[in-house]
Amino acid sequence: MMGGVDRVWIAWAGLQGAVAVAAAAYASHGLAGVPQAQDWARTASQMQLWHALALIAAALCCGYAHGVARIALRAAGWLFLVGGLLFCGSLYGLAFERPLPLPMAAPAGGMALILGWVAVAVAALAPEWVARRGS
């Protein structure tokens, strides 16, 4: 059964996917002739799209997880959400000449994304989930 947070995450992932595709298109056409800006926008778009998919996976897996695994997946979802906003938002800001007013947003966002993946690994190895999955 999908909870309210899971539905919000999937909705948010859909919006992130739409922004990622639009930004990639704009990077290819609207930023033509500005290679550094294109690189920033493309990197942000790719990272945002991958983490939108990861956010959907975390939301869907929460329905099957229990205990530590569920907690770790919840952490992963929030880390993907916040990390994507900070990291990708910073790169989009640089590409579109509107830098974020938050110092160190890109490194903090990147670290959040990395920690999100670590949380996914923790969830996969959590004893509660492994035991349930095996039965």
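**Figure 1. Contacts across the whole chain.** Of the contacts (heavy atoms within 4.5 Å) in the protein chain with a separation of 6 or more, 73% are between residues 24 or more positions apart. This is a predicted model, where local features need pLDDT of at least 70, side-chain atom pairs count only at pLDDT 80 or more, and totals for chains, interfaces and linings use all residues. Residues are numbered from 1 along each chain as its sequence is written, and side-chain values use heavy atoms, with hydrogens and water left out. The protein chain has 5 helices and 0 strands, where helices (H or I, at least four residues) and strands (E, at least two) are DSSP runs numbered from the N terminus. Read along the sequence, that gives the pattern α-α-α-α-α. The C-alpha trace spans about 55 × 25 × 25 Å along its principal axes. Of the 135 residues, 38% are buried, meaning under 20% relative accessible area with a 1.4 Å probe, protein chains only (exposed is over 50%, partly exposed in between).

**Figure 2. Helix H1 alongside helix H3.** Here we zoom in on H1 (residues 4-29) and H3 (residues 67-95), whose axes come within 12 Å and cross at roughly 25 degrees. Axes are lines fitted to C-alpha atoms over the stretch in contact, with angles running from 0 to 180 degrees between N-to-C directions. The two helices are therefore roughly parallel to each other (under 35 degrees; over 145 is roughly antiparallel, 65 to 115 roughly perpendicular and the rest oblique). On the H1 side the contact includes Val5, Asp6, Trp9 and Trp12; on the H3 side, Leu73, Arg74, Gly77 and Trp78 are among the residues involved. The residues of this contact split into 11 nonpolar, 3 polar and 2 charged. Nonpolar covers Ala, Val, Leu, Ile, Met, Phe, Trp, Tyr, Cys and Pro, charged covers Asp, Glu, Lys and Arg, and the others, Gly among them, are polar.

**Figure 3. Asp6 and its surroundings.** Asp6 sits in helix H1. With a relative accessible area of 1%, Asp6 is buried. Skip the neighbours within four places in sequence, and Asp6 is in contact with Ala59, Cys62 and Arg74.

**Figure 4. A look at the cysteines.** Searching the whole structure turns up 0 disulfides (pairs of cysteine sulfur atoms within 2.5 Å). Cys62 is in none, and the nearest cysteine sulfur, that of Cys61, is 7.6 Å away. Cys62 counts as buried at 0% relative accessibility. Cys88 is buried too, with a relative accessible area of 1%.
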